Amino acid sequence: MTDAPSMAELLGADTPKNWGKWGPDDQIGSLNYLDAAQVLRGVASVKDGQVFTLQCPMGLPHGDPVFPGREGIQREMVWDQDAFAPGGNGPAFPGGLRASDDKATMFLQGSSQYDALGHAWYDDRIWNDVDAASTNGGGMSWASIMPIAERGVVGHGVLIDMARHRGKQWLEKGETFTHRDLEEAAAAQGVTIGNRDVLLIRTGWLKFFYAVPKEEFYDGFVEPGLTYSRELVEWFQDKEIPNLVTDTIANEVTHDPESGVTLPLHASLLRNLGVSLAEIIWLDDLADACAADGRWDFLYTAAPLKIHEATGAPVNPVVIR
Ligand code: UVW
């Protein structure tokens with residue numbers, strides 16, 4: 001990877017940006033596209049009243065799917081029945097009520113989650129041309145997850161099932177696709193990726209995570225996903241995509257196969273266009289339902305947790321179709 005160009009060299013000085021488009025104070029970026037009309041488009045796509053929750057369960061014995069270097073949630077009981085035995089730490093509530101209680105330590109991006117717009121950057125500037133020093137001092141004073149959490153994400157969603165389109169249970173390590181592949185898959189599914197759609201892409205990667213031992217999943221860790229190109233970034237900008245949602249840990253192929261640069265879409269979509277990224281999102285049940293009746297669009301809703309100055313936050317998106 002040492003021969004890789006810098007992010008700035010790869011993307012170029014004239015790379016598409018939405019900085020300033022919604023004013024200097026904006027911290028939600030392309031979510032601005034999700035106006036009332038988009039909410040109503042999403043509502044209009046609800047036909048059967050089927051509901052899907054898209055969060056991966058946290059704390060299963062198999063472990064949580066996380067980016068290398070992070071850990072899954074660590075949860076422990078604080079009060080259980082034993083806590084109320086003599087000498088236990090359970091509170092003596094008048095009347096004798098007992099209660100269980102627990103606590104957790106977790107990476108805020110160690111489960112199904114939204115990235116804050118300020119989560120990734122290069123050349124010391126984050127979303128909307130703000131100094132990356134705003135991430136110092138114990139928290140993100142600019143473009144943390146809070147503005148996105150306070151707003152919520154509601155719109156018309158469309159799911160593109162790349163694994164199913166390629167006739168696979170899951171895409172291979174490092175397998176790539178482009179926006180042209182997405183449009184080809186959409187056409188095969190009989191759906192259009194419309195302007196301002198929340199774009200959901202299934203690769204089967206989380207299914208792979210749960211199907212194999214963790215050692216196999218993390219061996220030579222390279223995720224499948226979208227690859228960077230100038231045309232792809234322009235496609236996202238022209239289509240005014242507010243939010244990219246995938247069943248991978250980082251929403252894009254881990255290392256751009258041509259340049260070797262790591263996660264260039266975090267730079268070009270999140271930092272430069274303000275496209276919200278939702279990662280580690282369970283799409284298999286939704287995809288099965290869509291495949292069963294051939295309807296691939298729906299009402300998409302998500303509300304990441306409101307955590308002050310956080311770099312991202314867990315989320316359990318809800319789809320209604
Ligand atoms: C990194 O932070 C490296 O990735 P992600 O945004 O996918 O969690």
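In this predicted model, the centres of domain 1 and domain 2, taken over C-alpha atoms, are separated by 38 Å. The domain assignment of the protein chain places residues 23–66 together with 108–320 in domain 1, while domain 2 consists of residues 74–105.

Attention may now turn to the packing of two helices. Two packed helices are described by the angle between their axes and the distance between the axes. Helix α8 covers residues 230–239 and helix α9 covers residues 264–273; their axes come within 10 Å and cross at roughly 30 degrees. Because angles under 35 degrees count as roughly parallel, α8 is roughly parallel to α9. The crossing in which α8 passes α9 is right-handed. On the side of α8, the contact is made by Val-233, Phe-236 and Gln-237, and on the side of α9 by Ser-268, Leu-269 and Leu-273. In this contact of α8 with α9, four residues are nonpolar, two are polar and none is charged.

The surroundings of the ligand remain to be described. Which residues surround the ligand? They are Phe-67, Gln-109, Asp-115, His-119, Ile-249, Ala-250, His-266 and Glu-279. The shell that these residues form around the ligand divides into three nonpolar, three polar and two charged residues.

Notes. Residues are numbered from 1 along each chain as its sequence is written. This is a predicted model: local features need pLDDT of at least 70, side-chain atom pairs count only at pLDDT 80 or more; totals for chains, interfaces and linings use all residues. A residue is near a molecule or strand if its C-beta atom, placed from the backbone, lies within 6 Å of it. Ala, Val, Leu, Ile, Met, Phe, Trp, Tyr, Cys and Pro count as nonpolar, Asp, Glu, Lys and Arg as charged, and the others, Gly among them, as polar. Domain bounds come from an automatic or database domain assignment. Axes are lines fitted to C-alpha atoms, for helices over the stretch in contact, and angles run from 0 to 180 degrees between N-to-C directions. Helices (H or I, at least four residues) and strands (E, at least two) are DSSP runs, numbered from the N terminus. Angles under 35 degrees count as roughly parallel, over 145 as roughly antiparallel, 65 to 115 as roughly perpendicular and the rest as oblique. A crossing is left-handed if the near helix is turned anticlockwise from the far one by less than a right angle, and right-handed if clockwise. Two residues are in contact if their C-beta atoms, placed from the backbone, lie within 7 Å.
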